[in-house]
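These are my notebook entries on one structure. I set down each item in the order in which I looked it up.

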Amino acid sequence: MILRRPLDRKLFRDLLHIWAQALAIAMVMASGVATLILAVGAQGSLEEIRSTYYERFRFADVFATVTRAPGFVREQLLTVDGVSAVETRIAQFALLDIPGMVEPANSIVLSLPDHRETAVNRLYMKTGRTPEPGRADEVTVNEAFALAHGFTLGSPFEAILNGRKRTLTIVGIALSPEYVYALGPGDLVPDDRRFAVLWMSEEALAGLFDLEGAFNSVLIKLLNGVNERDVIGAVDAILARYGSTGAYGREDQISHAFLDGELRQLDALARVIPPIFLAVSAFLINMILSRLIALEREQIGLLKALGYGRLAVATHYFKLILAITAVGILIGFAGGTWLGRGLTRLYADFFHFPFLIFRIDPAVYALAAGVTVLAGLAGGLRSVWSAASMPPAVAMQPPAPPRYRRLWFELTGMGRLVSQLTMMAVRNLFRWPLRAALTILGVAMSAALLVTSLSPLDSLDDMIDITYYRTERQDATITFTDEKGPAALLEAARLPGVMQAESELAVPVRLKNGHLFRRLAIVGKPRELELSRILDADQRSVAVPESGLLISERVAEVLDLKEGDMAEIEILEGRRGTVYAPVRRIIRAYFGLTVYMSEDALADMLDEGPRLSGVHVIYDRAEENALYRAIKALPGAASIALRKVSLQKFRETINENINIMISVYIVLGVVITFGVVYNSARIQLSERGRELASLRVLGFTRREVASVLMIQLVIIVVLAQPLGWVLGYGFSWTTNQAFSSDLYTVPFIVTPVSYARASLIVIAAAFVSAMIVRRRIDTLDLIAVLKTRE
Amino acid sequence: MAGIVFEARDVTKVYHTGDVEVHALRGVDVDLYEGEMAVLLGPSGSGKSTFLNILGGLDHATSGFVRFRDHMLSELGEGGLTRYRRDHVGFVFQFYNLIPSLTALENVALVTEIARDPMKPAEALALVGLEERASHFPAQLSGGEQQRVAIARAIAKQPDVLLCDEPTGALDSKTGVRVLEALDAVNRELGTATAIITHNAGIQAIAHRVFFFADGRIVDTIVNDTRVPPSEVTW
C-alpha cells in the first residue's frame, strides 16, 4: 500500500500498533454485519423462493374440505367474484405398509385430474410422470418420502386404501407447494420416513373411495387484490350443504404457516441481535478512540501548530474509524454469506423446495455496511470532536490530572477493610462512572445474548415434558377416516397388546367471541381420563367438566376469552348451526388451538349419540409388532401417531438445528465479551501503565500488580451478570413472541440453568481475555516509567 | 568503619537497541557503607541512573557483580529481585510516581501493608512534615509535597537503603531544600544508607562522599570532612 501523505502513514502505523484491539472491535462489528446479512438475507431469500414457487406452481389461496360434493359444484365455485381458478379433488388419509418398516406409515392421498392440467397446486416433477388415468396401481410420491426410503421409479409399497391393501408402484417423484413443510398427523416436526404425500389418478381414487363424480377437497386461486374474507364467505355458502368444515386462507394452511413462522423468527433475529453488536461496537470505538486521542494530545497540538485545520484532524481520526469499520464489514460480509449458505442448507433439510437459492440482495449488504459505518462514526464522534476543537496551546500541555475522591462506602468505614490495591481498583472504576457503566453494559449484552440463545432449550424441554410426559401419555393414537360408534373403542381395546384405550371425538367448529374467531376442532373426552390428561395453567390436573369448555391459553389469548365467558360455537359438521358454551377453565397445551369438552356434552351439542373419531391406546411393547400388523389391517384407520417415534424425531430435529444455532450464538457472545474485556483491560493498562510499573518498583509482585486490573475486571464482569440476566430475559421475551403461532405456542421459560450457563461462558471468555492482557503486565518496563512525567 | 551495604565490582551494562550497542557502564567499582549519605553526580548519559537501577534491583548488570550484604543481586531472578526491593529498598523518583487514586496516607500504607517491619504510615508522614495533608490526593498536593509523600512512602518500611533518582529535579530550589532536609533527617535519625543521584553540583555538600560519573565510569570520588546542612545549600 502506498500512503503518500504523512498523516495517512501515521494512521497506518497507529493501526498496526493497536491491531489487536482494532481487530477485537472489527470482530464485534463483523458479528453485527454477519447476523444482519444472515437474518435479513435469509428472510429475503426464503420469501423470494416461496413466492416464486407459489407463483409458478399456482399455490392455492383458499382451501376447503367437504364430506362429498358433486363435480358440478366446481363450476359454481368458478362463478364466485374474485376467483381465478378452482381445483376440486379427492383427499384421503391412508396407512402405508413399507417394506422393511415395522410400524405403519401415514400418508395423504390426493387425486390429480385425468384429462386436463391441474389448475391449482401444480406438481414440480422431479422425475418420472403422473399416474396414467384410471391406473389404481400407479402413484407419484413426494421426493422427501422417496429419499427417506431410497425409493426410485418402479419401487413398490403397500397402502391400505378404504380398508383394502393395495400395492402401488412409484411412477413419479414430485414436489408440491402445498407440502414445503410436510407434517404428518400427530407429529411435531416432519418425519419424512413416516409421512408420505401420494398423488393418484382421480378416476382410480374415486373408484377406491366410492367418490365417482364427486370430490371432498377444494383449492381456490384468487385474482390479485381480492378480499379473501369475501370469497371465503361466498364459498362457505356454496359448500355448506356438502359438509364443508369451513374454507380457510393460507394462514391456516400448515405448510404455509410454518414457513411464516420461520420468516417471523428471522425478522425477530434481525431486530434483536444486530443492534446489540452495533451498540457495543459504537461504545468500543468511543473507548479506544478517546484513549488514542488522549495519548496523541501533544501530536494533535503539534499538527495544529503546523497549520493543520480542524477538518484535517477530524478527517484523520474518522479515517481510523472507517479503517476498523471496513475490516469489520468485510469479515461480516464473508461470515454472513457463509452462515447464510449454512442456514440455506438447513432449510434444504427442513423445507422441500424445488430450488433453493441463497441470493442476497446487494441492498442488504449496503444496509449492513451503512448501519455499521454509522455506528462507528457515532461512537467516535465525541472524541473526534474534542480532538478537532482542542486549541493547539491547550493540546500541547499535559491534561489536568484525574481527580479522585473518597467514595460513599468509605465513609461507612468499610474502606478500612480493603487493601490499598483494591481501593485503587474501586476508585478508578468510580472515577469514570460512565465508562464503567458502559463496560458493564457491554459485558451484560454478551450474557443477554447467550441467555436469549439458550432459553429456547428451556422452552422446548417444557414443551416435551408437558406434551409427551404429562398430558399425552398414550403410546399411540389411531384416527379413523369417518366417525365411528362406541364399538370402535371396544374393537381398539381388543387389538393385540393393547392394555388401555380411550376415545376421542374431534368436531370442526368456528369458535367465536364477538368479531374474533378461529377455525379449530373441539375435542370430546371421557369424563374420567386415564391416558391423556389435561393440565390447567398452573399445571394441576383438571377433570373434564360435565358441560362447558376447557380452552388452551393460546385460544384464550387470540379470542380474548376468560374463564366464565360465553363462547359462540359454529358447528361445521352434522347438524351445523350455532350454540353457546361457557369457558370453564384455561388449560395448558402447546400444540395447535386446543379446546376440550366432555364427550357426552359434545354429543348432546351435536344432537347425536356417542361417537368417536380416534382412540388413544397404551400397549405392551412385547406385542408391538403384532399390534402394528393388526392396525395395518384395521378398516377405517386413517392415521396412527406414535408417541415414542415422534418424540424421538422431535429431539433429533432440535438437536440438529438448535445446537448449530447455539454454537453460533456462543461464538458471537464470546466475541462481544472478548471485545469489551480485552479493550477495557488494554486501555486500563495504557492509562495506568506508569502506576502499575511504579507498584512493581515498590516491590509488588507481578501477581499483585495484575490484581489491581483483575479486581476491576472482576467487579465489572460480576456486576454485568445480573444486568445481563435482566436484559436476556427481555430479549428472550421479544424473540419468544415471534416463535408462537396458532400452530404451536412456545412457552416463555428461562431456567436458572440457562442464566448460569450464559454467565459461565461470559466469565470464561472474560478470564481468557484478561489473561492475554495480564501477559503484558509481566513485561512492563520498570525503568522507563521512572524517567517520564505522566 | 561501619559495615559495607553494597559492594560493586567491575560492573558493566550494555544495552542493545536494535543493532546499536550502548555501553552504559564500563566497569564500576565501589563500596557503600551503613549510614552513609552518597551523592552520585554526572551529566546525562554518564551511567549514574543505570548504576542506581542495578543497586535497586530494577536491572541486572551485564558483567561484574553487586552484593547487598549477603545477597548477590546479580544471581537473583525476577522473583528474588521483587522480594529484595520489597524488603530492603526505598525508592524516590524525580516524578514522585505516586498512585493518583490513593491519598497521601494511603500511598504510604500501600507499602507498609506489604513490609516486614514498617512504621505507622502517619508516623512516616510526620517525619516529612505532612501529617496535616494525610487525606489529600496527589492531585491536591504541590510538587514538593508530593515528593515528600514519596519519601515518606520510601522510608515507612524502614528500608536498609534509600535510593533517590533526581529527587529535586522537578522542583524549584526552595522546595528542593525541604525535600533534601527530609532525606537528611531520615539519614541522620534512622541511619539509612542513602544514595542520591543529581546533576546539581550544589547538592554534593550534604553528602559523606561524592562520586563523579562520566562515560560509564566513576572518574572521581570526594570525601566531605564536614557535611553542610541542606538549608545552606543553594542552586
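**Entry 1: a strand of chain B**

I began with strand β6 of chain B, residues 89-93, and found that five of its five residues are buried, so the strand is largely enclosed by the rest of the structure. I note here that the model is a predicted one.

I then looked up where the side chains of β6(B) point. B:Val89, B:Phe91 and B:Phe93 point one way, while B:Gly90 and B:Val92 point the other way, and all are buried.

Which strand pairs with β6(B), and in which sense? I found strand β7 of chain B, residues 161-165, paired with β6(B) in the parallel sense over five bridges. Within this pairing, B:Val89 stands opposite B:Val161 of β7(B).

**Entry 2: chain A as a whole**

The chain has 790 residues, of which 46% count as buried. Taken along the principal axes, its C-alpha atoms fill a box of roughly 100 × 60 × 50 Å.

I also checked how far apart in sequence the contacting residues of chain A lie. Among contacts between residues at least 6 apart in sequence, 84% join residues at least 24 apart.

**Entry 3: an open sheet in chain A**

I looked up a sheet of chain A and recorded it as open, with four strands in the order β2-β10-β1-β11 and antiparallel pairing. Which strands form its edges? They are β2 (83-89) and β11 (248-249) of chain A, each of which pairs on one side only.

For the pairing of β2(A) with strand β10 of chain A, residues 214-222, I recorded six bridges, and the two strands run antiparallel. A:Arg89 stands opposite A:Ser217 in β10(A).

I then asked which helix packs on this sheet. It is helix α6 of chain A, residues 228-239, which touches β1 (62-70), β2, β10 and β11 of chain A. The direction of α6(A) makes about 10° with that of β1(A).

**Entry 4: two packed helices in chain A**

Two packed helices are described by the angle between their axes and the distance between the axes. I looked up both values for helix α2 (residues 19-56) and helix α9 (residues 310-350) of chain A: the angle is about 40°, and the axes are 6 Å apart.

The crossing of α2(A) past α9(A) is right-handed. By class, I found 20 nonpolar and eleven polar residues in the contact of α2(A) with α9(A), and no charged ones.

**Entry 5: one residue of chain A**

I located A:Arg774 in helix α21 of chain A, residues 752-778. Why does A:Arg774 count as partly exposed? I recorded 19 C-beta neighbours inside 10 Å for A:Arg774, whereas a buried residue needs 20 or more.

I also took the separation between A:Arg774 and A:Arg702, which are 72 residues apart along the chain; their C-alpha atoms are separated by 9.0 Å.

**Entry 6: where the two chains touch**

Last, I looked up the contact between the chains, in which 22 residues of chain A meet 23 residues of chain B. On the chain A side, the elements that give two or more residues are α13 (420-431) and α19 (643-697). The most comes from α13(A), with six residues. By class, I recorded eleven nonpolar, six polar and five charged residues on this side of chain A.

Terms used. Residues are numbered from 1 along each chain as its sequence is written. Chains are lettered from A and ligands numbered from 1 in the order in which they are written. This is a predicted model: local features need pLDDT of at least 70, side-chain atom pairs count only at pLDDT 80 or more; totals for chains, interfaces and linings use all residues. Two residues are in contact if their C-beta atoms, placed from the backbone, lie within 7 Å. Ala, Val, Leu, Ile, Met, Phe, Trp, Tyr, Cys and Pro count as nonpolar, Asp, Glu, Lys and Arg as charged, and the others, Gly among them, as polar. A residue is buried if 20 or more other C-beta atoms lie within 10 Å of its own, exposed if 12 or fewer, and partly exposed in between; C-beta atoms are placed from the backbone. Axes are lines fitted to C-alpha atoms, for helices over the stretch in contact, and angles run from 0 to 180 degrees between N-to-C directions. A crossing is left-handed if the near helix is turned anticlockwise from the far one by less than a right angle, and right-handed if clockwise. Two strands pair if DSSP finds at least two bridges between them.
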